[in-house]
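Thanks for coming, everyone. I have one structure to walk you through today. Please take a look at it first.

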Amino acid sequence: MSNEHEVLLDKAVERKPKVKVERKEGEPTAAFKGASWGALLVGVSAYLIGLFNAAMELNEKGYYFAVLVFGLYAAVSLQKAVRDREEDIPVTNIYYGISWFALIVSISLMAIGLYNAGSIVLSEKGFYGMSFVLSIFAAITVQKNIRDTQRAKERD
């Protein structure tokens with residue numbers, strides 16, 4: 001008897017239409033937004049936890065922290081400048097150039113710092129490099145998602 005009741009309930013649930021969330025044109029999916037924020041959180045958290053637990057002098061930790069913050073800012077700034085130009089929003093050449101320069105400098109500082117770090121084993125260097133790259137990529141993606149969502153809402 002209970003088996004028949006369960007089968008009827010299952011059929012009733014199957015017939016129930018699923019609620020579909022409507023997205024505006026050009027708006028990223030919730031899954032993509034969540035994945036982007038998750039990647040940013042994982043990248044930055046891993047980098048900072050690794051830095052906190054590292055057997056480095058405080059000034060070395062400060063250097064790697066500053067490079068991360070600088071890299072994140074430079075990446076978001078460059079993404080905004082590139083996007084503005086694509087959408088015919090005025091961006092001065094000096095700002096555009098400085099944005100590129102800042103990102104290149106931050107990546108170079110990370111590479112040079114890791115290359116010259118004699119106290120860090122190779123696997124730890126790889127860890128910092130990968131979490132740095134993940135964080136920068138995720139920051140660009142989060143900025144893009146925020147901009148796309150805002151643009152989609154403005155169209156309505």
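**The core and its helices**

Let's start inside. This is a predicted model, and its largest nonpolar core has 25 residues. Seven names have the most contacts inside that core: Leu 40, Tyr 47, Met 56, Tyr 64, Met 110, Tyr 128 and Phe 132. Where do they sit? Four helices each supply at least two residues of this core: H2 (30-53), H3, H4 (93-116) and H5 (122-155). The largest share, 7 residues, comes from H3. As background, nonpolar side chains in soluble globular proteins tend to be buried together.

Stay with H3 for a moment. Helix H3 covers residues 58-86, 29 residues in total. From first C-alpha to last, H3 reaches 42 Å. That is close to the 42 Å expected at 1.5 Å a residue. After H3 comes Asp 88, with a positive phi near 60°.

Now, Tyr 128. Which residues does Tyr 128 touch, leaving aside those up to four places away in sequence? The list is Tyr 47, Gly 50, Leu 51, Ala 54, Met 56 and Leu 114. Both Tyr 47 and Met 56 are also among the core residues with the most contacts.

Next, Ser 131, in helix H5. Is Ser 131 buried or exposed? Ser 131 counts as buried, because its relative accessibility is 6%, and the cut-off for buried is under 20%. Its side chain reaches the backbone oxygen of Tyr 128 at 3.2 Å. Again leaving aside residues up to four places away in sequence, Ser 131 touches Gly 43, Ala 46 and Tyr 47. Tyr 47 is on the list for Tyr 128 as well.

That's my tour. Over to you.

Key. Residues numbered from 1 in each chain as written. Predicted model: local features only at pLDDT ≥ 70, side-chain atom pairs only at ≥ 80, totals over all residues. Heavy atoms only, no water. Expected span 1.5 Å × (residues − 1). Core = buried A, V, L, I, M, F, W, Y, C linked by side-chain atoms within 4.5 Å. Buried < 20%, exposed > 50% of the residue type's maximum accessible area, 1.4 Å probe, protein only. Contact = heavy atoms within 4.5 Å. Polar contact = N/O pair within 3.5 Å; in protein donor to acceptor, adjacent residues only side chain to side chain.
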